[in-house]
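Open the structure in a viewer and have the selection panel ready. The stops below go from one selection to the next.

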Amino acid sequence: MGVPSVPRVWREIKYKYNLIGSKCVKCGKACYPPLTVCPYCGGKEVREVKLPERGKVISYTIIRYAPRGFEKLVPYVVALIELVDGTRLISQLTDVEPEEVSIGMEVEAVFRRLREQGNSGIIEYGLKFRPLRR
Amino acid sequence: MRPSKEAHIVGYGAYVPIYSIRDKEIARVWGRSSPVPVEQKSVIGPDEDSITLAVQAAKYALMRANLDGSDIGVIFTGTESKPYAVKPISTVVAEAIGATPNVVAADLEFACKAATTALQALIGMVSSDMVKYGMVIGVDTAQGRPGDELEYTAGCGSAALILGRESRDAIARIEASSSYVTDTPDFWRREGQIFPNHAFRFTGEPAYFKHIIRAAKALLEELGLRPTDYDYIVLHQPNVKYPIKVAKLLGFPKEKVLPGLLSPVIGNSYAAASLIGLCKVFDQASPGQRVLLVSFGSGAGSDAFSIVMEEGIKERRDRAPKLEEILKVRRQLDYALYAKYRGLIRD
């Protein structure tokens with residue numbers, strides 16, 4: 001997440017609120033967060049794409065010693081998720097206890113507080129994933 | 001107040017977090033032996049607030065309306081628990097659902113009736129053709145001072161309604177509304193204070209009961225309708241006792257109150273309370289049935305609405321999770337985790 005910055009948060013709103021990634025015109029693979037060069041084939045022609053908000057857990061880790069801004073959430077889970085279109089991304093899981101998480105668990109995106117910049121700074125929002133509800 | 005053209009409800013959505021605490025657990029901590037006002041109340045998770053709750057309800061409402069965020073021309077949010085003192089909830093919701101930038105957006109405050117007042121403003125905008133579709137959200141993550149009577153009921157939740165001028169396949173139509181407002185010091189929170197104060201002298205009879213009864217009677221009189229013309233009554237629900245009692249005073253049996261009464265299991269969700277109750281009724285009502293909705297906000301005032309169910313409810317209802325499904329997934333917290341999630345533990 002880097003150093004707290006208001007402009008950075010503002011620049012990332014579109015991608016974090018609505019799961020907008022990038023898709024390579026050459027090889028057709030998508031990635032998140034969006035990149036200007038395809039990490040799979042090196043293609044330089046990419047376009048923004050709305051990614052599906054459902055997927056499954058490929059792997060995960062439990063965070064017990066959190067970086068600044070996340071201390072009050074411990075213990076929490078950060079997971080590698082494969083979306084239904086095959087795109088993989090890393091996201092925090094929410095509404096779930098660490099011992100309930102398993103590989104293959106179906107998840108869906110939900111809009112949550114990601115971090116607050118102290119008591120007087122801005123609040124960062126974006127998508128996390130929770131166990132699929134329906 | 002009857003608009004020249006009726007506004008129609010084309011989408012609705014409600015959301016309650018998965019966390020909950022039983023009143024008997026709160027009573028255990030404070031050594032209370034007298035009866036508690038509700039069985040359990042909803043609690044926000046550590047990464048939730050009024051904005052995240054509002055976004056979830058808004059998304060469910062869009063699913064039922066089968067609309068994109070860009071179709072929404074107005075977003076009004078009624079709340080008294082804003083994450084920012086200055087910076088709107090409605091703009092974040094607008095961005096999160098894709099309604100920006102050509103959208104009217106603002107937050108309204110009138111204690112627990114802010115959202116129904118917003119609904120009246122939206123009825124005017126939709127029925128006058130200023131906008132095609134607009135959304136009203138009621139949301140709160142209420143705080144009660146630890147150990148205070150309010151701590152036993154101060155819950156959370158959100159509800160969103162989408163109004164449109166189209167009548168084809170609507171969920172319901174709003175026939176008319178009324179308001180009854182006075183300056184009554186029953187409950188308040190000063191700027192910079194975390195917890196509200198309340199004056200027992202004005203709680204109940206001079207506030208909740210008087211305003212709800214006057215607003216409801218004015219509406220029934222304007223429409224020439226009687227309690228027997230209604231199949232449901234949905235009320236602001238700060239506890240279990242008050243809504244049942246005020247319904248009885250208005251001539252409505254308990255059976256017409258219970259379908260829209262969620263306070264026993266989610267507590268008082270403040271600005272969301274009456275609209276969540278309405279969503280609960282929408283989850284089961286049939287075309288042609290009539291619903292009386294009456295909010296109450298401290299300070300004080302009530303808004304009453306006469307709503308008639310339309311054919312569209314049958315097909316639209318199942319496009320998003322119903323409250324029964326949402327409340328099926330619940331995590332009971334002990335007081336320690338409740339204190340952690342509610343930010344009562346400080347560094």
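The tour covers a sheet, a helix pair and a chain contact.

This is a predicted model, in which local features need pLDDT of at least 70, side-chain atom pairs count only at pLDDT 80 or more, and totals for chains, interfaces and linings use all residues. Residues are numbered from 1 along each chain as its sequence is written, while chains are lettered from A and ligands numbered from 1 in the order in which they are written.

Start with chain A and select strands S2 (30-31) and S3 (46-50), the edge strands, each pairing on one side only. They belong to an open three-stranded sheet, order S2-S1-S3, with antiparallel pairing. Strands are DSSP runs of E, at least two residues, and helices are runs of H or I, at least four, numbered from the N terminus; strands pair if DSSP finds at least two bridges between them.

Next, select helices H5 (residues 205-223) and H6 (residues 241-250) of chain B. Their axes (lines fitted to C-alpha atoms over the stretch in contact, with angles from 0 to 180 degrees between N-to-C directions) come within 10 Å and cross at roughly 45°. H5(B) is therefore oblique to H6(B), a class left over once angles under 35 degrees (roughly parallel), over 145 (roughly antiparallel) and 65 to 115 (roughly perpendicular) are taken out.

Finally, show both chains: 18 residues from chain B and 16 residues from chain A make the contact, counted where C-beta atoms, placed from the backbone, lie within 7 Å. On the chain B side, H2(B) gives the largest share, four residues.

Terms used:
Two residues are in contact if their C-beta atoms, placed from the backbone, lie within 7 Å.
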